[in-house]
Amino acid sequence: MPVEQIPHQQTGSLVAGNRLLAPEQRSGQARPDRANSLTCGHRACRGCGEALGARWVVDAALRATGNRLIAVNATGCLEVFSTPYPQSAWQLPWLHSLFGNAPAVATGVAAALRATGRADVRVLGQGGDGGTVDIGFGCLSGMFERNDDVLYVCYDNEAYMNTGVQRSGATPAAARTATTQAVGTEPGNVFGQGKNLPAIAMAHEIPYVATATVADLRDLEAKVTRAMDVQGARYLHVLVPCPLGWGSEAHDTIRLARLATQCGLFPVLEAAYGEVTAATRIRRRVPVEGTCAGSPGTPTCSGHASGPTWSPVSRRRPIGTSPGTACWPHRHPRRWPDGDPVRHHARLGVEPDQSDRRLARRATRLPRPVSALCRRVPRRRERP
Amino acid sequence: MLRQIEGSQAVAAAVAACRPQVICAYPISPQTHIVEALSATVKSGALASCEFINVESEFAAMSVAIGASAAGARAYTATASQGLLYMAEAVYNAAGLGLPIVMTIANRAIGAPINIWNDHSDSMVMRDAGWVQLYAEDNQEAADLHVQAFALAERLSVPVMVCMDGFVLTHAFERVDVPEQDAVDAFLPPYRPRQRLDPADPVTIGAMVGPEAFTEVRYLAHVNQLRALDAVPAIAAGFAAAFGRSTGGLVRPYRVDDADTVVVALGSVLGTLKDAVDELRDGGLRVGVLGVTTYRPFPSAAVRAALGGARRIVVLERAFSAGTGGIVTADVRGALPGAGAGTVTVVAGLGGRPITRASLRQVLADAHGGRLEPLTFLDLDLRLVERELARTPTG
Ligand SMILES: Cc1ncc(C[n+]2csc(CCOP(=O)(O)OP(=O)(O)O)c2C)c(N)n1
Ligand code: SF4
């Protein structure tokens, strides 16, 4: 994919290892005594966003707790690539039980720590988007509702990657996965489905919810650190591009994650007790069209692909001039440009179709935006 | 202390005396009274440093127990029927991880058709899960088995299921000598996990194991299970010495020594069976009963020794495998020389149907006279099934 010139301060000054900064400004990963919780030798693919995200998250959590931390992992890529028996890449106490129960297992660990007088040891639960928004959702909601002292981190690569890129409840509309293939003029994943888990977590009114991406690791680190300052149930949703599943280049992982935030696809925010408290400003907004769904065959920022073999990112038909460019198919009808998909496509001179009308109807039925996430993000200016 | 007490309350008191540190539960009849009582005990502060966690499903209940046990806490839960099936994946997982969790099963049928009453279909489903399974004959044994179960689980680092018949035991008021706290403290040492999640000594638990070592992992689990065949009698003997009563153990023979016909059974039906045997003995029939208290691991040698002299063996089953027949029968046959020829199955008391002494007397007399089919359904309403069979198209 064409390389975009990134202003120096976006990468050079904030990432790991920058020795030009004053020590207090450096990231934790720049410290020679960093935890290295997930050591080398694991079997993740080259450029795996999940491996990168997990290392930063767990390292930051270890630092915040003075190494008094236990991790509980759901089944998925992260678990499989990190613990091929008899090896383990984990440098902290780590437990894997099942695919769908990591939040409950984490609850059990936290309860045991309280009961055995070790409440200073903290618990981190983690899993992929499938393990979190689908099969583990019941356990996660229970953990939120009880406000158990667990930080649960979802590494969202937008599909079930470990089993070969099948659709999950976090797969965006039109995305091509092994079970939502783009056939003929049909797009990949269905429109109007999927879960917004950060919003659902906020609806539980837990003390802390945040989203982050591997494009801004300093921000990710800061959020984990803040989360560890809070007692009770906390949720962190991290966008982690997956080269294998998205069909992207290993060296584009960070770039894709950044584009996802810059075009507004993936809002980066923090919330406390159900209220958004901070959102990362999009400094230079880029359109989804052309930026992410660029040349044929290249992936878009959310794992879709456009081009000869795959359907365009969002629609069954090409819009605009280049085939495969697209308007972003928001699941929330209010998040479409021009108010709703019917109006949007009308403006572009495209005949609205059934799914547009369905979404537009839904928009009119909603008295107010249901999601605090959608309502608040554009209004926030300040970065924490 | 001797008390006239409901089975569930007695079990809850015995579990509390074991000082569990994490209890988690999701309600299902007929398990509810046990966990209700425990929740009140924890709330009252009587159980120091114990966490009672109300979870959102049985799957979560077992998962919380797994996390708690791996982090070094004595963990307990209870369930039945649909709940046990709902947690099935985690039940296997607990055994695979070698976590000494103790779980009460208030035995209940499995739907459809939905039925809340007692049989053994639920725990039988889990017989291959890698858990030790103990079956209580009465409420005294149900209470005592929990104390023994914690000792056994922690000695071998295996999870243990204590199965007690739903309603028949859980809701029955009987005189029970509830294990006293001091005695339990003396009998059951504090939980010392073989391995626990500890930042001072990080371990990875639950790694992925491929074909190169999976067979060995399973084999070692098998060997560890078999160790229970020594540990169970040893713990039961220790318990008898400490508490002055004999409960638990591998098998419980009753008047089998000179018996021609022996009925093998699990659970509360043993009481009725013994009464029926006494009556038949009065009538001159040489019959006996063999109660199997430890069903997993299956005590083949003990069963063989107890059944050695019998010519006819009846296995009375509270569950069965559709299309095949008896489940326990297969184990009994496997334990006997000549594959237990002459062993027949009687399926009885499904979905809570009462097993009456009269029916048992009849079936025992028939067995003794060699008039029993290989598979009999006790008190089957033939009129109803034949009418239905006549209506359903065949082939
Ligand atoms: C109960 C159960 N169902 C299905 C699976 C198969 N399975 C293992 S990992 C996985 C996908 C994991 O996807 P996700 O949670 O998104 O994590 P990722 O691999 O993408 O990091 C699936 C479906 C399983 N292990 N257990
Ligand atoms: S498939 Fe994706 S998530 Fe899994 S290891 Fe490879 S890059 Fe990482």
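Is A:Glu158 buried or exposed? A:Glu158 is buried, with a relative accessible area of 10%. The legends below describe close-up views of a predicted model.

**View 1. A:Glu158 has a positive phi.** Phi of A:Glu158 is near 70°, although the residue is not a glycine. A:Glu158 belongs to the loop that runs between strand 4 and helix 7 (197–203) of chain A. With a relative accessible area of 10%, A:Glu158 counts as buried.

**View 2. Helix 6 of chain A has several buried residues.** The helix covers residues 137–146, and its buried residues are A:Cys139, A:Leu140, A:Gly142, A:Met143, A:Phe144 and A:Arg146. In an α-helix there are 3.6 residues a turn, so residues three or four places apart point the same way. One of the buried residues, A:Phe144, also takes part in a cluster that ring pairs form with A:Tyr152 and A:Tyr235.

**View 3. A:Cys139 and B:Cys163 are buried cysteines.** A disulfide is a covalent bond between the sulfur atoms of two cysteines. Searching the whole structure gives 0 disulfides over all chains. A:Cys139 is in no disulfide, and the nearest cysteine sulfur, in B:Cys24, is 11 Å away. The relative accessible area of A:Cys139 is 3%, so this residue is buried. For B:Cys163, the closest cysteine sulfur is that of B:Cys18, at 17 Å, which is too far for a bond. B:Cys163 is buried as well, with a relative accessible area of 1%.

**View 4. B:Trp117 and B:Phe167 form an aromatic pair.** Over all chains, the whole structure has 12 aromatic pairs. In the pair of B:Trp117 and B:Phe167, the ring centres are 4.7 Å apart and the planes stand at 45°, so the pair is tilted. The two residues are 50 residues apart, and their pairing links distant parts of the chain. B:Trp117 is in the loop between strand 5 (102–107) and helix 6 (121–125) of chain B, while B:Phe167 is in the loop between strand 7 (160–165) and strand 8 (173–177) of chain B. B:Trp117 is partly exposed, having a relative accessible area of 43%.

**View 5. B:Tyr295 pairs with B:Phe298.** The ring centres of B:Tyr295 and B:Phe298 are 5.9 Å apart, and their planes are at 85°, so this pair is edge-to-face. B:Tyr295 has 0% relative accessibility and counts as buried. B:Phe298, at 11%, counts as buried too. The ring of B:Tyr295 also has a charge over it: the charged end of B:Arg296 sits 4.4 Å from the ring centre.

**View 6. B:Lys274 sits over the ring of B:Tyr254.** The distance from the charged end of B:Lys274 to the centre of this ring is 5.4 Å.

View 7. B:Pro30 lies in the loop between strand 2 (22–25) and helix 2 (32–44) of chain B. B:Ala112 is in the loop between strand 5 and helix 6 of chain B.

**View 8. Helix 7 of chain B packs with helix 1 of chain B.** Two packed helices are described by the angle between their axes and the distance between the axes. Helix 1 (residues 7–17) of chain B and helix 7 of chain B have axes 8 Å apart, at an angle of about 20°. This angle makes helix 1 of chain B roughly parallel to helix 7 of chain B. The crossing of helix 1 and helix 7 of chain B is right-handed.

**View 9. Helix 7 of chain B crosses helix 9 of chain B.** The axes of helix 7 (residues 139–156) and helix 9 (residues 211–243) of chain B come within 10 Å and cross at roughly 135°. Helix 7 of chain B is therefore oblique to helix 9 of chain B. Their crossing is right-handed.

Methods. Residues numbered from 1 in each chain as written. Chains lettered and ligands numbered in written order. Predicted model: local features only at pLDDT ≥ 70, side-chain atom pairs only at ≥ 80, totals over all residues. Heavy atoms only, no water. Phe/Tyr/Trp six-rings, centres within 6.5 Å; stacked < 30°, edge-to-face > 60°. Helix = DSSP H or I, 4+ residues; strand = E, 2+ residues; numbered from the N terminus. Buried < 20%, exposed > 50% of the residue type's maximum accessible area, 1.4 Å probe, protein only. Lys NZ or Arg CZ within 6 Å of the ring centre and 35° of its normal. Disulfide = S-S within 2.5 Å. Axes fitted to C-alpha atoms, helices over the stretch in contact; angles between N-to-C directions. Parallel < 35°, antiparallel > 145°, perpendicular 65-115°, else oblique. Left-handed = near helix turned anticlockwise from the far one by under 90°.
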